[in-house]
Amino acid sequence: IALLLRPMGQWSVRPVILGVAALLLISPRALRTPVVWLGMAIAVAVRGGDDWPLADNHIYLLAYWALAIALALRTAVPSPTLAGSSRVLLGLAFACAVFWKAVLSPDYLDGRFFRVTLLTDPRFGEASMLIGGLGADQLRANRDALAALPHGATPLTPVAITEPPRLRLLAAVSTWGMLALETAVALVMLLPRATIVRHGLLLMFCLVTYAFAPVAGFGWLLLVMGAAQIEPDQGWLLRLYVAAFLVVLFYSEVPWAGLLLDW
């Protein structure tokens, strides 16, 4: 469903991904055939390679996940194998994210990343006004002041950036809250126990993050991978994942921040 809702790739790959996704949706036999998932992994990898190295992060994770499904289906008991692969892949992905932010990116820890992103990324503009207290004119002026200049050029008279206290607080909470939540998810995924805590933190991450970051495909992939770890007697937990999937769809299709801002 996620692959059908978010078509990806150039003309030579997109029909393959869409066709296989449709086949998997309507055919239980295809859904459990390793070679079909191997084909999906190859198609997604080609899509990522075509845009190397600028493809979205979750495209690479999706290729790994499709390959993990293909390999798990070749085992005698696929579900536990797939659950283990999900746990390790998620743990390593979140651990790499934490390492990048905490060790390799000084402009993240000092708050610059979110202070700039909240002002320049159009996807965060409404949240910056709704939660950060910026006015529309202030946001436009900030974007003009931070716009890239031709190489080597500097502004004759630097323009002041308007940052209300609420916006600075939003940037600080986003910086450290994201780092703490990603660290927690990485730890519980890589630890052998803490099953319910693992699901709770992953669901929290998706429901909070994708309310503001409109990358529904990434959220859906994380939710699908988390759902692969559900035990057979945890039907209630599966329903929570389905609900979270629909909430992320709502986030991506309904401009909730803009509606609240207008109201």
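Author: A residue is buried when its relative accessible area is under 20%, exposed when that area is over 50%, and partly exposed in between, using a 1.4 Å probe and protein chains only. The model here is predicted: local features need pLDDT of at least 70, side-chain atom pairs count only at pLDDT 80 or more, and totals for chains, interfaces and linings use all residues. Residues are numbered from 1 along each chain as its sequence is written, and side-chain values use heavy atoms, with hydrogens and water left out.

Reader: Which residues of α2 are buried?

Author: Ile17, Val20, Ala21 and Leu24 are. A helix is a DSSP run of H or I with at least four residues, a strand is a run of E with at least two, and both are numbered from the N terminus.

Reader: How do you know that the buried residues of α2 line one face?

Author: Look down the axis of α2. The buried residues fall within an arc of 100°, so they share one face of the helix. The arc is taken from the directions between the helix axis and the C-beta atoms. Pro15 and Ile26 are exposed, on the face turned away from the buried side of α2. The cover over the buried residues of α2 includes α1 (2-5), α3 (28-31) and α4 (34-50). Contact here means heavy atoms within 4.5 Å.

Reader: How does the span of α14 compare with expectation?

Author: Helix α14 (residues 235-253) has 19 residues and should span 27 Å; its end C-alpha atoms are 27 Å apart, which agrees. Its buried residues include Leu237, Tyr241 and Phe245. Seen down the axis, the buried residues of α14 fall within an arc of 105°, so they too line one face. Among the elements covering them are α12 (195-212) and α13 (216-227).

Reader: Why is Met8 called buried?

Author: The limit is under 20%. Met8 has 10% relative accessibility, so Met8 counts as buried. Met8 sits in the loop between α1 and α2. Beyond four places in sequence, the contacts of Met8 include Ile17, Arg47 and Leu62.

Reader: What makes Ser105 buried?

Author: Its relative accessible area is 7%, so Ser105 is buried. Ser105 is in the loop between α6 (78-104) and α7 (106-109). A polar atom of the Ser105 side chain lies 2.8 Å from the backbone oxygen of Trp100.

Reader: How many disulfides are there?

Author: The count is 0. A disulfide is a pair of cysteine sulfur atoms within 2.5 Å.

Reader: Which members of the largest nonpolar core touch the most other members?

Author: Met40, Leu202 and Leu222 do, in a core of 67 residues. A nonpolar core is a set of buried Ala, Val, Leu, Ile, Met, Phe, Trp, Tyr and Cys residues joined through side-chain atoms within 4.5 Å. Leaving out residues up to four places away in sequence, Leu202 touches residues including Phe94, Leu222 and Tyr241.

Methods: Polar contact = N/O pair within 3.5 Å; in protein donor to acceptor, adjacent residues only side chain to side chain. Expected span 1.5 Å × (residues − 1).
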